[in-house]
Amino acid sequence: MEKLKSTAKRTKELEYNKEFVVKQLNANPNVVKQQEEQLKKMNPNATAEVIQRQVMNLVVRENVFNNVMQGIVEYYDFKLDKDEISKFEERMKNLYKDAKPEVLTKLTENMLKKTLVYQDLSSLWDIRTNDEETKQWLQNYYKATNNPIRDIMNDKEKFDNFRQMIQDEKVTNEILMRFRNIKFDLPKKENKEQQEEKK
(Lines give C-alpha, C1' and ligand atoms only; values in the text may rest on other atoms or scores of the structure.)
Protein backbone atom coordinates (compact mmCIF):
# COMPACT_ATOMS: atom_id res chain seq x y z
CA MET A 1 0.00 0.00 0.00
CA GLU A 2 1.27 3.45 -0.87
CA LYS A 3 2.66 5.65 1.91
CA LEU A 4 0.19 8.37 2.84
CA LYS A 5 1.10 11.98 3.54
CA SER A 6 -2.08 12.39 5.60
CA THR A 7 -1.73 11.41 9.26
CA ALA A 8 -3.89 10.32 12.20
CA LYS A 9 -2.88 10.54 15.85
CA ARG A 10 -4.81 8.71 18.57
CA THR A 11 -5.52 11.36 21.22
CA LYS A 12 -7.04 9.10 23.91
CA GLU A 13 -7.46 5.47 24.89
CA LEU A 14 -10.17 3.52 23.07
CA GLU A 15 -13.21 2.77 25.26
CA TYR A 16 -14.31 -0.71 24.28
CA ASN A 17 -17.44 -0.62 26.47
CA LYS A 18 -18.75 2.62 24.93
CA GLU A 19 -22.42 2.34 23.93
CA PHE A 20 -23.46 2.79 20.30
CA VAL A 21 -27.10 3.25 19.28
CA VAL A 22 -28.28 2.32 15.78
CA LYS A 23 -31.34 4.47 15.05
CA GLN A 24 -31.91 3.56 11.42
CA LEU A 25 -30.72 1.12 8.78
CA ASN A 26 -29.30 2.61 5.59
CA ALA A 27 -28.46 0.60 2.50
CA ASN A 28 -27.35 1.52 -1.00
CA PRO A 29 -29.75 -0.31 -3.40
CA ASN A 30 -26.92 -0.96 -5.90
CA VAL A 31 -24.74 -2.54 -3.20
CA VAL A 32 -27.68 -4.66 -1.98
CA LYS A 33 -28.28 -5.88 -5.55
CA GLN A 34 -24.58 -6.77 -5.95
CA GLN A 35 -24.63 -8.65 -2.62
CA GLU A 36 -27.73 -10.59 -3.68
CA GLU A 37 -26.10 -11.58 -6.98
CA GLN A 38 -22.86 -12.59 -5.26
CA LEU A 39 -24.72 -14.69 -2.66
CA LYS A 40 -26.79 -16.39 -5.38
CA LYS A 41 -23.60 -17.23 -7.29
CA MET A 42 -21.97 -18.66 -4.14
CA ASN A 43 -25.13 -20.53 -3.01
CA PRO A 44 -27.02 -21.52 -6.19
CA ASN A 45 -29.40 -23.80 -4.24
CA ALA A 46 -30.37 -21.19 -1.62
CA THR A 47 -33.99 -20.04 -1.53
CA ALA A 48 -34.93 -16.38 -2.10
CA GLU A 49 -35.85 -16.18 1.60
CA VAL A 50 -32.39 -17.40 2.70
CA ILE A 51 -30.67 -14.92 0.35
CA GLN A 52 -32.86 -12.07 1.69
CA ARG A 53 -31.99 -13.00 5.29
CA GLN A 54 -28.26 -13.08 4.46
CA VAL A 55 -28.47 -9.69 2.72
CA MET A 56 -30.34 -8.26 5.73
CA ASN A 57 -27.62 -9.57 8.04
CA LEU A 58 -25.01 -7.82 5.87
CA VAL A 59 -27.03 -4.56 5.95
CA VAL A 60 -27.32 -4.70 9.76
CA ARG A 61 -23.61 -5.50 10.13
CA GLU A 62 -22.68 -2.60 7.83
CA ASN A 63 -24.85 -0.17 9.80
CA VAL A 64 -23.46 -1.35 13.14
CA PHE A 65 -19.94 -1.00 11.77
CA ASN A 66 -20.57 2.52 10.38
CA ASN A 67 -21.99 3.60 13.73
CA VAL A 68 -18.99 2.25 15.65
CA MET A 69 -16.55 3.70 13.10
CA GLN A 70 -18.04 7.19 13.55
CA GLY A 71 -17.31 6.83 17.27
CA ILE A 72 -13.76 5.50 16.77
CA VAL A 73 -12.85 8.42 14.47
CA GLU A 74 -13.49 10.78 17.41
CA TYR A 75 -10.46 9.28 19.22
CA TYR A 76 -8.16 10.64 16.51
CA ASP A 77 -6.72 13.93 15.38
CA PHE A 78 -6.38 13.98 11.57
CA LYS A 79 -4.17 16.02 9.27
CA LEU A 80 -5.41 15.36 5.73
CA ASP A 81 -3.20 16.33 2.82
CA LYS A 82 -5.10 18.42 0.21
CA ASP A 83 -3.21 16.94 -2.77
CA GLU A 84 -3.92 13.46 -1.48
CA ILE A 85 -7.64 14.23 -1.17
CA SER A 86 -7.68 15.45 -4.80
CA LYS A 87 -5.81 12.34 -5.99
CA PHE A 88 -8.16 9.93 -4.15
CA GLU A 89 -11.20 11.92 -5.29
CA GLU A 90 -10.27 11.14 -8.90
CA ARG A 91 -10.34 7.40 -8.08
CA MET A 92 -13.61 7.74 -6.17
CA LYS A 93 -15.31 9.37 -9.18
CA ASN A 94 -15.43 5.95 -10.88
CA LEU A 95 -17.28 4.45 -7.91
CA TYR A 96 -19.65 7.36 -7.31
CA LYS A 97 -20.36 8.68 -10.78
CA ASP A 98 -23.48 10.66 -9.80
CA ALA A 99 -22.12 12.16 -6.58
CA LYS A 100 -22.02 15.95 -6.21
CA PRO A 101 -18.48 17.40 -5.77
CA GLU A 102 -18.98 18.23 -2.05
CA VAL A 103 -20.36 14.72 -1.39
CA LEU A 104 -17.39 13.20 -3.24
CA THR A 105 -14.96 15.24 -1.12
CA LYS A 106 -16.70 14.08 2.09
CA LEU A 107 -16.63 10.44 0.95
CA THR A 108 -12.93 10.76 0.07
CA GLU A 109 -12.08 12.33 3.44
CA ASN A 110 -13.97 9.54 5.24
CA MET A 111 -12.18 6.88 3.18
CA LEU A 112 -8.79 8.44 4.00
CA LYS A 113 -9.64 8.66 7.70
CA LYS A 114 -10.73 5.01 7.72
CA THR A 115 -7.48 3.97 6.00
CA LEU A 116 -5.41 5.86 8.57
CA VAL A 117 -7.40 4.48 11.51
CA TYR A 118 -7.07 0.94 10.12
CA GLN A 119 -3.29 1.36 9.86
CA ASP A 120 -3.16 2.44 13.50
CA LEU A 121 -5.49 -0.33 14.73
CA SER A 122 -3.53 -2.98 12.75
CA SER A 123 -0.44 -1.89 14.63
CA LEU A 124 -2.22 -1.55 18.02
CA TRP A 125 -3.84 -5.01 17.78
CA ASP A 126 -0.96 -6.65 15.87
CA ILE A 127 -3.04 -7.72 12.86
CA ARG A 128 -1.03 -8.84 9.84
CA THR A 129 -1.68 -10.66 6.57
CA ASN A 130 1.15 -12.45 4.75
CA ASP A 131 1.48 -13.83 1.21
CA GLU A 132 0.71 -17.44 2.22
CA GLU A 133 -2.54 -16.42 3.88
CA THR A 134 -3.52 -14.32 0.86
CA LYS A 135 -2.90 -17.29 -1.47
CA GLN A 136 -5.04 -19.50 0.79
CA TRP A 137 -7.89 -16.97 0.73
CA LEU A 138 -7.66 -16.79 -3.06
CA GLN A 139 -7.81 -20.62 -3.32
CA ASN A 140 -10.89 -20.67 -1.03
CA TYR A 141 -12.48 -17.85 -3.04
CA TYR A 142 -11.90 -19.84 -6.24
CA LYS A 143 -13.42 -23.00 -4.70
CA ALA A 144 -16.47 -21.07 -3.45
CA THR A 145 -17.20 -18.99 -6.58
CA ASN A 146 -15.34 -20.72 -9.43
CA ASN A 147 -14.19 -17.23 -10.47
CA PRO A 148 -10.66 -17.23 -11.99
CA ILE A 149 -7.82 -16.06 -9.72
CA ARG A 150 -4.79 -16.48 -12.02
CA ASP A 151 -4.72 -12.80 -13.03
CA ILE A 152 -4.62 -11.79 -9.31
CA MET A 153 -1.91 -14.35 -8.52
CA ASN A 154 0.26 -13.13 -11.41
CA ASP A 155 -0.18 -9.37 -10.90
CA LYS A 156 1.67 -7.93 -7.91
CA GLU A 157 -0.57 -4.86 -7.64
CA LYS A 158 -3.79 -6.91 -7.78
CA PHE A 159 -2.33 -9.42 -5.31
CA ASP A 160 -1.35 -6.63 -2.89
CA ASN A 161 -4.82 -5.09 -3.23
CA PHE A 162 -6.39 -8.45 -2.40
CA ARG A 163 -4.09 -8.83 0.61
CA GLN A 164 -5.10 -5.33 1.76
CA MET A 165 -8.76 -6.32 1.39
CA ILE A 166 -8.17 -9.35 3.67
CA GLN A 167 -6.29 -7.18 6.15
CA ASP A 168 -9.14 -4.64 6.20
CA GLU A 169 -11.69 -7.42 6.72
CA LYS A 170 -9.68 -8.69 9.71
CA VAL A 171 -9.58 -5.19 11.25
CA THR A 172 -13.33 -4.78 10.61
CA ASN A 173 -14.03 -8.12 12.35
CA GLU A 174 -11.81 -7.11 15.27
CA ILE A 175 -13.64 -3.77 15.60
CA LEU A 176 -17.01 -5.55 15.67
CA MET A 177 -15.68 -8.06 18.21
CA ARG A 178 -14.20 -5.45 20.57
CA PHE A 179 -16.96 -2.83 20.43
CA ARG A 180 -19.99 -4.93 21.34
CA ASN A 181 -22.14 -2.53 23.34
CA ILE A 182 -24.65 -1.97 20.52
CA LYS A 183 -28.28 -0.97 21.06
CA PHE A 184 -30.95 -0.81 18.36
CA ASP A 185 -33.52 1.98 18.51
CA LEU A 186 -35.11 1.58 15.09
CA PRO A 187 -38.37 3.30 14.09
CA LYS A 188 -41.39 1.01 14.44
CA LYS A 189 -42.77 -0.27 11.15
CA GLU A 190 -46.17 1.24 10.46
CA ASN A 191 -48.94 -1.05 9.32
CA LYS A 192 -50.78 -0.32 6.06
CA GLU A 193 -53.74 1.36 7.80
CA GLN A 194 -51.47 3.93 9.50
CA GLN A 195 -49.74 4.63 6.20
CA GLU A 196 -53.10 5.14 4.48
CA GLU A 197 -54.18 7.61 7.18
CA LYS A 198 -51.10 9.74 6.48
CA LYS A 199 -51.88 10.02 2.77
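**Note on aromatic contacts and overall fold**

1. Arg91 sits over the face of Phe88, 4.8 Å from the ring centre. For this, NZ of Lys or CZ of Arg must be within 6 Å of the ring centre and within 35 degrees of the ring normal. Arg178 lies likewise over the face of Tyr16, at 5.4 Å from the ring centre.

2. The model is predicted: local features need pLDDT of at least 70, side-chain atom pairs count only at pLDDT 80 or more, and totals for chains, interfaces and linings use all residues. Residues are numbered from 1 along each chain as its sequence is written, and side-chain values use heavy atoms, without hydrogens and water.

3. The whole structure holds five aromatic pairs. Rings of Phe, Tyr and Trp (its six-membered ring) pair if their centres lie within 6.5 Å; planes under 30 degrees apart are stacked, over 60 edge-to-face, the rest tilted. Tyr16 and Trp125 have ring centres 6.4 Å apart and planes at 45 degrees, so this pair is tilted. Tyr16, Trp125, Phe20 and Phe179 form one aromatic cluster.

4. Buried or exposed? Trp125 counts as buried, at 11% relative accessibility. Tyr16 is partly exposed, at 31%. Buried means under 20% relative accessible area, exposed over 50%, partly exposed in between (1.4 Å probe, protein chains only). Buried residues make up 29% of the 199 in the chain.

5. The chain has eight helices and four strands. These are DSSP runs, numbered from the N terminus: helices (H or I) of at least four residues, strands (E) of at least two. The C-alpha trace spans about 55 × 45 × 35 Å along its principal axes.
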